[in-house]
Amino acid sequence: MAQSPVIMLGIESSCDETAAAIVAADKTIYANEIASQIETHAKHGGVVPEVAARAHLEMIDQVIRDALATAGLTMGDIDAVAATGGPGLIGGVAVGTVTAKAIAAARQIPYFAVNHLEGHALSPRLADDVAFPYLLLLVSGGHTQLLAVVGPGDYRRYGTTMDDAAGEAFDKCAKAMGLGYPGGPAIEAAAKSGDAKAIALPRPLKGSAGCHFSFSGLKTALVNRLSQFGGPEAAPIADLAASLQAAIADCLADRTKAALTRFRDEFPHDDANQPALVIAGGVAANQHIFAVLQRVAADANFRLSVPPAKLCTDNAAMIAWAALERFDRPDDLAFAPRPRWPLDPEASPPPGRGVRQ
Ligand code: KG4
Ligand code: ZN
């Protein structure tokens, strides 16, 4: 009789989503449950770490129960358990880690501490048959990175942000403009009736060597323009939103172009083997940014792959999948949660002061 595929329970709790998923080694997603804390954090205009940690603790058991119920499985059907072990807000990571270890110890099943960034990096392989190596642009509220994904555990970071992540820039600018949280969707909606050329904004690091990003200068420029107009009530919000969105898209496109060139040099291929550019993270939902990156990929003869939103924003299915990709190498229960955990420890730090992961 054929052996049934391994079933992995995944847990994600590194930011503002408490998530549990059940994924099989044959890529069947039995459940992918997410309890968002957006409403809690919207009151504060952003994520408050202590509030997030408490919310994870309150929600995690129920989210796991929901995942089992959705899958129609019991804990006895789970063959292994994986949780995000970092990087992220340490209180939340600790909640997920302790929960996963307790399940592993009680059931005597393997435990995996998964790097959250690795979850994002490998998620396209769960959704789509993307072959190694590929180039990943990860753009979310917490990360902005360009990574060559060579194989499980084998990553080359080409670029990261020196300061804010792209989604963070959307969120901070939206807050300044009085558009609420999360900012990305609000700015995209406001931009629809605006003129992207109306307000001149900088394109930090555009054309510079390497593939790093910087967004905090853009945010400062936007805040300055707002006050020149006499504050958000008097400012042309639609034009500002469209101009900001265009500036962020321009920066992402320019840095991605540079990364595609580097990737081609390091992983030569012929025309029959078109490599993939994968975009993951919440910002990939932005239609203008998606269209701009689609052009960049096509010009460089790369195939563009974007995992469905449920797999490319923070979720636990990607954590379960990253563990399944290295099922032969579980982790020790002594693993300690890591607030910082670079995927590529060899990567050169970005120019300037910041060393973001
Ligand atoms: O991947 P994600 O759900 O969570 C993490 O941060 O890991 O990404 C959330 C981020 C937020 O900063 C949000 O403003 C941004 O993605 N975002 C968008 C859009 N939808 C979400 N940014 C621009 N345009 C959008 N339509
Ligand atoms: Zn993330």
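Phenylalanine 215 is buried, with a relative accessible area of 0%, where buried means under 20%, exposed over 50% and partly exposed in between, using a 1.4 Å probe and protein chains only. Phenylalanine 213 counts as buried as well, at 1% relative accessibility. Before I go on, this is a predicted model, in which local features need pLDDT of at least 70 and side-chain atom pairs count only at pLDDT 80 or more, while totals for chains, interfaces and linings use all residues. Residues are numbered from 1 along each chain as its sequence is written, ligands are numbered from 1 in the order in which they are written, and side-chain values use heavy atoms, without hydrogens and water.

The structure holds six aromatic pairs, a pair being rings of Phe, Tyr or Trp (its six-membered ring) with centres within 6.5 Å, called stacked when the planes are under 30 degrees apart, edge-to-face when over 60, and tilted for the rest. The rings of phenylalanine 213 and phenylalanine 215 are stacked, because their centres are 6.1 Å apart and their planes at 15°. Phenylalanine 335 and tryptophan 341, by contrast, form a tilted pair, 5.6 Å centre to centre with 40° between the planes, and both of these residues are buried.

Turning to ligand 1, a polar side-chain atom of aspartate 171 lies 2.7 Å from one of the ligand's oxygen atoms, and a polar side-chain atom of glutamate 188 lies 2.7 Å from a nitrogen atom of the ligand. For glycine 282, a backbone N or O atom lies 2.9 Å from an oxygen atom of ligand 1.

Technical notes
A polar contact is a pair of N or O atoms within 3.5 Å; within protein, one must be able to donate a hydrogen and the other to accept it, and residues adjacent in sequence count only if both atoms are side-chain atoms.
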